[in-house]
Protein chains: 2
Amino acid sequence: MSGPVIGVFDSGFGGLTVLRALLERMPQAEFVFLGDTARLPYGSKSQRTIARYAAESARFLVERQAAEYLVIACNTASALALEAIQEAVAVPVMGVIEPGAEAAAAATKTGAVMVMATEATVASHAYAAACRRRGLRGVEKACPLLVPLVEEGWTDHAVTEQVVRIYLDEMLAESSAAGLRPDALVLGCTHYPLLRPVLERAVPSGVAVIDSAEATAERVFLSLAERVAAAGASECDAAQIRCFATDSVAKFERLGSRFLGQAVGSVELVDLGG
Amino acid sequence: MSGPVIGVFDSGFGGLTVLRALLERMPQAEFVFLGDTARLPYGSKSQRTIARYAAESARFLVERQAAEYLVIACNTASALALEAIQEAVAVPVMGVIEPGAEAAAAATKTGAVMVMATEATVASHAYAAACRRRGLRGVEKACPLLVPLVEEGWTDHAVTEQVVRIYLDEMLAESSAAGLRPDALVLGCTHYPLLRPVLERAVPSGVAVIDSAEATAERVFLSLAERVAAAGASECDAAQIRCFATDSVAKFERLGSRFLGQAVGSVELVDLGG
């Protein structure tokens with residue numbers, strides 16, 4: 001097999017939801033995943049720090065793992081460090097914000113879109129800007145409790161349902177005050193797809209729940225379809241996945257499968273010097 | 001004034017609850033505080049990574065800020081990196097675990113103590129070991145949602161009360177299964193003192209809530225009392241506090257006052273190269 005090596009990067013394991021969506025579309029491709037777990041979460045840090053961490057991580061995937069295409073499977077890094085990453089490496093780079101906004105544009109009829117994300121993603125207003133470029137209004141809400149709730153394993157728990165409803169109610173009240181009637185909700189963090197059942201129950205009827213991971217995987221697939229097809233993988237080839245983490249591989253191996261939907265296999269420890 | 005410069009270190013701002021307790025006892029001393037906010041939280045990371053980060057932070061306080069005494073105002077770093085810190089610097093180092101266990105020993109009559117802490121602190125079993133050395137039984141519980149709840153500002157919120165009760169009930173059930181009747185609860189994380197009102201309401205009657213921050217400040221005060229007195233500060237001297245952070249000083253300045261109980265003043269950004 002000689003298709004392109006696809007690098008997938010996240011601050012933690014959340015980005016494995018993007019890798020999962022990529023695998024569904026390209027079950028015979030070669031993937032290298034890096035979780036910068038020693039320095040997570042990015043979502044509560046500053047732009048300067050996030051850009052430095054993300055550029056180092058991108059260089060690892062391209063220079064040391066020969067990735068020829070880079071997927072930034074992290075909303076915070078996509079929102080705050082896409083340019084820094086593009087400057088750091090010489091391969092095509094795809095973030096999750098633009099595909100997410102594009103999917104929201106395709107889904108909304110009212111032109112108003114809600115976005116749940118981390119503190120840093122919301123502070124960057126990257127989704128609001130991406131919505132505005134498409135003639136849409138984006139209402140963003142920082143939901144810092146959702147990542148810890150997912151990592152605690154409370155993905156279908158009464159407390160999580162309550163927290164989700166509090167965040168949603170605040171967003172709906174804010175929309176209403178601005179005269180907006182949003183009919184789409186973008187999951188602006190790669191941890192949130194695990195909360196999809198809770199979120200689907202909590203949103204008002206008629207509101208579409210949009211997963212940036214799915215939208216991004218589709219865009220990557222379309223960009224690479226020709227090269228993947230030209231590589232002429234045979235029916236029996238399986239995807240190759242190598243996972244790296246900057247901290248505790250045991251925790252990565254234990255939690256990662258929840259996000260990937262299959263065992264992550266053995267994870268290699270890497271030191272980025274941070 | 002020529003009393004000792006006291007360095008206080010935490011992964012974030014939580015350690016400001018220890019600084020607050022120190023200030024109450026030594027209102028005329030000189031303090032240098034460092035929050036390693038670019039790499040927080042330590043609580044979910046591995047021993048190796050925590051030890052490296054903590055040693056770098058300790059060196060900054062001693063070598064670059066001339067601290068003559070070091071307080072590790074972070075349970076995770078005290079549990080996992082106290083030796084690494086002691087090897088890294090040549091001044092006395094006080095962690096929060098031993099004072100916390102000592103205070104629990106003074107409070108308990110049944111000899112059984114509950115400890116709420118981060119994932120990494122619990123995995124280290126540092127509190128259980130410190131209890132065992134005093135002939136006590138320690139029941140530890142990782143409570144990873146409490147720090148995010150405090151940082152979201154939900155310190156007196158129905159959701160927080162519910163989460164606290166879930167963690168407590170699990171700990172009480174585990175104690176009961178082991179034939180123990182704990183009558184003390186140690187707050188094994190410097191964020192938790194902000195949850196004290198909620199915790200006081202949630203614990204069964206007769207259970208004492210013990211704040212490691214208070215116990216640690218008392219021990220530091222006793223160690224330094226002579227030197228502080230000898231420095232002969234006049235009644236009009238006020239404490240000098242300089243705060244440093246490795247990330248976003250704006251967030252530190254905004255959130256820090258909740259923990260310190262007064263404005264933190266201007267915070268200086270420092271780069272530890274991580």
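Start by selecting B:Gly256, which you will find in helix 11 (residues 249-260) of chain B; helices (H or I, at least four residues) and strands (E, at least two) are DSSP runs, numbered from the N terminus. This is a predicted model, in which local features need pLDDT of at least 70, side-chain atom pairs count only at pLDDT 80 or more, and totals for chains, interfaces and linings use all residues. Residues are numbered from 1 along each chain as its sequence is written, while chains are lettered from A and ligands numbered from 1 in the order in which they are written.

Is B:Gly256 buried or exposed? B:Gly256 counts as buried because it has 24 C-beta neighbours inside 10 Å (20 or more other C-beta atoms within 10 Å of its own make a residue buried, 12 or fewer exposed, anything in between partly exposed, with C-beta atoms placed from the backbone). Now show B:Phe13, B:Leu16 and B:Val264: leaving aside neighbours within four places in sequence, these are in contact with B:Gly256 (contact means C-beta atoms, placed from the backbone, within 7 Å).

Next, select strand 3 (residues 69-72) of chain B. B:Tyr69 and B:Val71 point one way, B:Leu70 and B:Ile72 the other, and all are buried. Strand 3 of chain B pairs in the parallel sense with strand 1 (residues 5-10) of chain B over 4 bridges (pairing takes at least two bridges found by DSSP). On that side, B:Val71 has B:Val8 opposite. Strand 4 (residues 93-94) of chain B also pairs with strand 3 of chain B in the parallel sense, over 2 bridges, and there B:Val71 stands opposite B:Met94.

Move to chain A and colour its strands. Here 6 strands form an open sheet with parallel pairing, in the order 4-3-1-2-9-10. At the edges are strand 4 (93-94) and strand 10 (267-269) of chain A, each pairing on one side only. Within the sheet, 6 bridges join strand 1 (residues 5-10) of chain A to strand 2 (residues 30-35) of chain A, with A:Gly7 opposite A:Val32.

Finally, show both chains together. Which helices of chain A each supply at least two residues of the side that touches chain B? The contact takes 17 residues from chain A and 17 residues from chain B, and the helices to select are helix 7 (146-151) and helix 8 (158-177) of chain A. For the complex, the predictor gives an ipTM of 0.88 and a pTM of 0.90.

Notes. Contact = placed C-beta atoms within 7 Å.
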